[in-house]
Amino acid sequence: MMANAPVINSRYEVVAIDQVRPHPRNPRRAEVKAIGELIDSNGFYGAIVVQESTGYIVAGNHRYLAARERGHGTIPAIYVDVTDDHALRILLSDNRSADTSSYDDDLLAQLLSSLPSVEGTGWSEQAVSDLLAQSAMPTFEGDKDGQGQLDHLREIQCPQCHHVFELLA
């Protein structure tokens with residue numbers, strides 16, 4: 001592990017979508033249709049990452065495919081000047097970082113329920129309802145007599161059915 005890893009030599013450019021290509025060795029599979037729907041809702045933000053010497057996408061392969069399927073003529077790209085080995089490491093680490101991440105379910109429930117609609121979030125109304133129901137399960141802490149008691153409660157409203165759930169604060 002490098003304590004002070006250098007910033008990779010890179011440049012940003014909006015390019016014709018046919019100037020870059022998905023990496024042929026990308027093992028990740030994704031729901032391109034669902035990604036495309038999110039692009040339709042939110043626009044294409046951020047940039048794909050492209051290996052300068054090959055034109056292969058090392059991060060953002062599925063966003064590229066979704067944009068191409070929707071007829072986008074250009075795409076924002078960050079070109080990185082790296083070896084083939086380094087490009088594969090970026091590709092794999094970008095894929096893996098999503099796998100090893102998790103959610104703070106209570107914070108996620110609060111955030112999703114604060115929106116007037118879940119459209120454009122990648123979450124379905126049913127998934128939000130399930131999350132809210134799961135988050136609404138209070139935990140009990142026993143006191144010195146071994147009796148469980150609820151601590152302070154807060155309310156969260158389901159965006160679908162508008163039921164109010166009480167959650168531990």
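Contact here means heavy atoms within 4.5 Å. This is a predicted model, where local features need pLDDT of at least 70, side-chain atom pairs count only at pLDDT 80 or more, and totals for chains, interfaces and linings use all residues. Residues are numbered from 1 along each chain as its sequence is written, and side-chain values use heavy atoms, with hydrogens and water left out.

**Overall layout**
- The chain has five helices and nine strands, taken as DSSP runs numbered from the N terminus (helices H or I, at least four residues; strands E, at least two).
- Of the 169 residues in the chain, 30% are buried, that is, under 20% relative accessible area with a 1.4 Å probe, protein chains only.
- Among contacts with a separation of 6 or more, 70% join residues 24 or more positions apart.

**Helix α1**
- Val32, Gly36 and Ile39 are buried in α1 (residues 32-42).
- Down the axis of α1, these buried residues fall within an arc of 55 degrees, so they line one face of the helix; the arc is taken from the directions from the helix axis to the C-beta atoms.
- What do the buried residues of α1 pack against? Their partner is α2 (61-69).

**The lining of the largest pocket**
- α1 gives the most to this lining, with five residues.
- β4 (56-59), α2 and α3 (84-99) each supply at least two residues as well.

How values were computed:
Buried < 20%, exposed > 50% of the residue type's maximum accessible area, 1.4 Å probe, protein only.
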